[in-house]
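Here are my notes on this model, point by point. Please read them with the structure open.

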Amino acid sequence: MTEDRRALVNTSLIHDGRVVHLSVDTVRFPDGSVGDLELVRHRGASAVLPVLGSEHDADPDVLLVRQYRYAAGGDIYEVPAGIIEPGETWEQCAERELEEEAGVRAGRLVALTTIHTTPGFTNEEIHLYAAFDLVPGRARADDDEFLEVVRLPLSRVLEMVRAGEITDGKTLVTILYGARFLLGGGRAP
């Protein structure tokens, strides 16, 4: 989540918000030319696929949240996720969001990968995890979060991906990465 400081010539803050910080940066490009780029700076986030069962189950159930997203035009399916808080590790962020949004705690958290969401205009990274050995926790949605926890077989979730019913980027990567490289089954036909 670091910009190339060697390329930064100047930065001008446009907006300093609760979630994002917008600046216009003057940068030196690899060919030596200089230009202005708009950059949305973001603290970063963690996302987690809660798995009910083990990596070896042929078709484990997973938990998704069906959440209202104004920018997406309504409800969408997502894995639990959220912005890192000061002093947290990426794993602690994933564990906190898992409990807050899905109402469960992980006995075991497995790191999957890290993604850059939209590197053309933001430095946002999301660290992706899978959670196993789930135990009940206490859900605590934020005031602006309207969500419902949905339990589905992984095979059904993969069908939803194929059908275009799941469109959130971090959720797609988390599901597909988990299904391909971590979980034992659940391949959509």
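Is R151 buried or exposed? R151 is exposed, with a relative accessible area of 53%; exposed means over 50%, buried under 20%, and partly exposed in between (1.4 Å probe, protein chains only).

1. Basis. This is a predicted model, in which local features need pLDDT of at least 70, side-chain atom pairs count only at pLDDT 80 or more, and totals for chains, interfaces and linings use all residues. Residues are numbered from 1 along each chain as its sequence is written, and side-chain values use heavy atoms, with hydrogens and water left out.

2. R151 and its partner. R151 forms a salt bridge with D61 at 2.8 Å, N to O. A salt bridge here is a side-chain nitrogen of Lys or Arg within 4 Å of a carboxyl oxygen of Asp or Glu. D61 sits in strand β5 and R151 in strand β12, 90 residues apart. D61 is partly exposed, at 22% relative accessible area. Helices (H or I, at least four residues) and strands (E, at least two) are DSSP runs, numbered from the N terminus.

3. Other salt bridges. The whole structure has 16 salt bridges. R18 meets D144 at 3.6 Å, N to O. R18 lies in the loop between β1 and β2, and D144 in the loop between β11 and β12, so this pair ties together parts 126 residues apart in sequence. R18 is exposed at 67%; D144 is partly exposed at 48%. R96 and E88 also meet, at 2.6 Å, N to O, and both are buried. Shared partners join R69, E78, D168 and K170 into one network.

4. Nonpolar cores. A core is a set of buried Ala, Val, Leu, Ile, Met, Phe, Trp, Tyr and Cys residues joined through side-chain atoms within 4.5 Å. The largest has 26 residues, and L49, L64, L154, V157, I166 and I175 have the most contacts inside it. Among the elements that supply at least two residues each are β4 (45-52), β5 (61-69), α2 (154-162) and α3. The most comes from α2, with five residues. Beyond its neighbours within four places in sequence, I175 is in contact (heavy atoms within 4.5 Å) with L49, L64, L154, V157, L158, V161 and I166. Apart from this core lies another, of nine residues, including V48, A94, Y129 and A131.

5. Open sheet. Three strands form an open sheet in the order β1-β2-β3, with antiparallel pairing. Two strands pair if DSSP finds at least two bridges between them. The edge strands β1 (8-16) and β3 (34-42) each pair on one side only. Seven bridges join β1 to β2 (residues 20-28).

6. Aromatic pair. The structure holds one aromatic pair. The ring centres of Y177 and F181 are 4.9 Å apart with planes at 55°, so the pair is tilted. Rings of Phe, Tyr and Trp (its six-membered ring) pair if their centres lie within 6.5 Å; planes under 30 degrees apart count as stacked, over 60 as edge-to-face and the rest as tilted. Y177 and F181 are four residues apart in helix α3 (residues 169-181), about one helical turn. Y177 is partly exposed at 27%, while F181 is exposed at 57%.

7. A139. This residue is in the loop between β11 (135-136) and β12. A139 is partly exposed at 48%. Leaving aside neighbours within four places in sequence, A139 contacts E99, E100 and G103.
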